Amino acid sequence: MRTAPPSPAAVPGRAVWVRVPATSANLGPGFDTLGLALSLYDELRVTALPEGEIQVDVEGPGADLVPRDATNLVIRAIAYAFESVGRRMPGIALSQRIVIPHGRGLGSSGAAVVAGLLAARGLLAGDVEFGPSLLLRLATELEGHPDNVAPALFGGLTIAWMDENGPQYKKLLVHRGVSPVVFVPESTMPTRISRELTPQQVTREDAVFNVSRSALLIAALTQSPELLLAATDDKLHQNYRAQAMPDTDTLVRGLRQAGFAAVLSGAGPSVLVMADGPGRRLEATRLAASLTNTPWESLMLAVDFKGGTVRDYTEGASQPVSPAT
């Protein structure tokens with residue numbers, strides 16, 4: 001079997017800096033389809049080493065649970081990207097700063113996948129072009145579905161779907177009145193377990209209900225934030241997942257009864273509120289503190305409009321490689 005020649009971009013010493021946002025998928029009715037990028041970021045620096053060497057340094061919440069070898073998800077994504085374009089991966093020194101909480105429904109694994117792909121893109125700049133379609137395809141192959149990786153790559157509100165040509169996406173700009181706040185508990189919920197709670201079949205009435213709310217949600221997020229409460233109602237997954245997350249369910253129901261567009265963030269257990277103004281999310285934060293005995297960290301965030309970014313970091317340089325879009 002012919003071995004591809006090493007790329008000039010893989011020369012030891014080349015370094016890139018990557019930043020990737022957290023994401024919230026589903027947004028209520030948009031199950032496995034809608035995703036929103038949020039202004040909470042994992043950052044990392046990747047330096048090419050002689051082939052075969054792996055060095056991993058991780059800091060931040062949950063760092064003790066992150067592998068320090070080739071099984072690290074960022075390293076695996078870098079290797080997958082190099083292999084997909086027929087290049088040998090160099091050795092890698094990874095310095096990873098984690099901010100996105102793991103296992104809380106904020107797209108931490110999707111962010112790691114996207115970070116690795118963007119790092120490979122930076123290391124191979126000038127040799128191989130990673131366009132948006134290729135990045136989305138590789139990220140979806142690694143992550144399993146595109147609803148989290150699309151906003152992590154491209155920012156904003158994304159609609160993701162699959163067709164005969166693979167994963168596709170459309171990025172939309174979010175109305176400036178939409179003010180996200182995320183409530184993060186200390187507990188975690190593996191996505192696999194949460195997904196197993198959702199039914200394989202639903203009634204026609206529930207399907208029609210979610211189609212109508214998903215269509216309305218696009219209008220609410222892009223044009224009419226005052227419709228967010230009605231637009232975020234859901235009958236496909238949240239009620240089924242509630243049995244495994246009673247405190248999350250209590251918080252969602254209590255906030256919604258008070259008029260806030262509260263939804264399960266991704267697979268949970270975090271709760272996303274899409275308020276229709278900064279003042280309203282302050283009200284939501286005060287109310288949330290009284291609804292359960294569970295301590296919740298409140299993160300007042302903005303919608304991230306850029307998505308993942310990569311810069312050349314070689315010898316102190318800080319030049320953008322190119323935007324993901």
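Analyst: Buried means under 20% relative accessible area, exposed over 50%, and partly exposed in between, with a 1.4 Å probe and protein chains only. This is a predicted model, in which local features need pLDDT of at least 70, side-chain atom pairs count only at pLDDT 80 or more, and totals for chains, interfaces and linings use all residues. Residues are numbered from 1 along each chain as its sequence is written, and side-chain values use heavy atoms, with hydrogens and water left out.

User: Is Leu-27 buried or exposed?

Analyst: Leu-27 counts as buried because its relative accessibility is 0%. Leu-27 belongs to the loop between strand E1 (15-25) and E2; helices (H or I, at least four residues) and strands (E, at least two) are DSSP runs, numbered from the N terminus.

User: Which peptide bond is cis?

Analyst: The bond from Gly-268 to Pro-269 is cis, with omega near 5°. Pro-269 sits in the loop between strand E8 (262-264) and strand E9 (271-275).

User: What does His-237 touch?

Analyst: Contact means heavy atoms within 4.5 Å. Leaving aside residues up to four places away in sequence, His-237 touches Asn-26, Gly-28, Phe-31 and Thr-198. His-237 lies in the loop between helix H7 (228-231) and helix H8 (238-241), and counts as buried because its relative accessibility is 0%.

User: With which side chain does His-237 make a polar contact?

Analyst: A polar contact is a pair of N or O atoms within 3.5 Å; within protein, one must be able to donate a hydrogen and the other to accept it, and residues adjacent in sequence count only if both atoms are side-chain atoms. Here the side chain of His-237 pairs with the side chain of Arg-241 at 3.0 Å.

User: Which residues line the largest cavity?

Analyst: On a 1 Å grid over the protein atoms alone, a cavity is a set of points where a 1.4 Å probe fits but cannot get out, and lining residues have an atom within 4 Å of a point. The lining of the largest cavity includes Asp-42, Gln-96, His-102 and Ala-115. Strand E2 (34-49) and helix H2 (108-123) each give two or more residues to this lining, and H2 gives the most, with 4 residues.

Note on methods. On a 1 Å grid over the protein atoms alone, a cavity is a set of points where a 1.4 Å probe fits but cannot get out, and a pocket is an open set with protein on both sides within 12 Å along at least five of seven lines; lining residues have an atom within 4 Å of a point.
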